[in-house]
Amino acid sequence: MRLGPVGVPPEGLDLTLEAVLLEVDGQIVDTATGAAVGHQALAGLGDVEGGLLVVTDGLTEPVGVRTGSRVAADFAHLDVVML
């Protein structure tokens, strides 16, 4: 995995405006913005038992990939993450 060299301080960063372009093997498979993420995902969940992993949402829909595929998430302000 490679994380981009761009460091962005969290102060003043509006993640609802962050956009991402998701590619698999050079083909665009999805796009999204932070505004599409359901921030109310934990509403009504109540108490969460310690030790549990809680994932609220992702920017894009899940996509299938094959072994050896190249996956890139190109963010508007946060650089590129490649797997």
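What you see is a predicted model, in which local features need pLDDT of at least 70 and side-chain atom pairs count only at pLDDT 80 or more, while totals for chains, interfaces and linings use all residues. Residues are numbered from 1 along each chain as its sequence is written, and side-chain values use heavy atoms, with hydrogens and water left out.

The protein chain has zero helices and five strands, where helices (H or I, at least four residues) and strands (E, at least two) are DSSP runs numbered from the N terminus. Of its 83 residues, 16% are buried, where buried means under 20% relative accessible area, exposed means over 50%, and partly exposed lies in between, with a 1.4 Å probe and protein chains only.

Let me turn to glutamate 18, which sits in the loop between strand E1 (2-3) and strand E2 (19-24). Glutamate 18 counts as buried because its relative accessible area is 3%. Setting aside residues up to four places away in sequence, glutamate 18 touches several residues, among them Leu13, Phe75 and Leu78, a contact being heavy atoms within 4.5 Å. Its side chain also reaches the backbone nitrogen of alanine 76 at 2.9 Å, and a polar atom of that side chain lies 2.7 Å from the backbone nitrogen of histidine 77.

Valine 65, by contrast, is partly exposed, because its relative accessible area is 47%, and valine 65 is found in the loop between strand E3 (27-33) and strand E4 (71-75).

Terms used
Polar contact = N/O pair within 3.5 Å; in protein donor to acceptor, adjacent residues only side chain to side chain.
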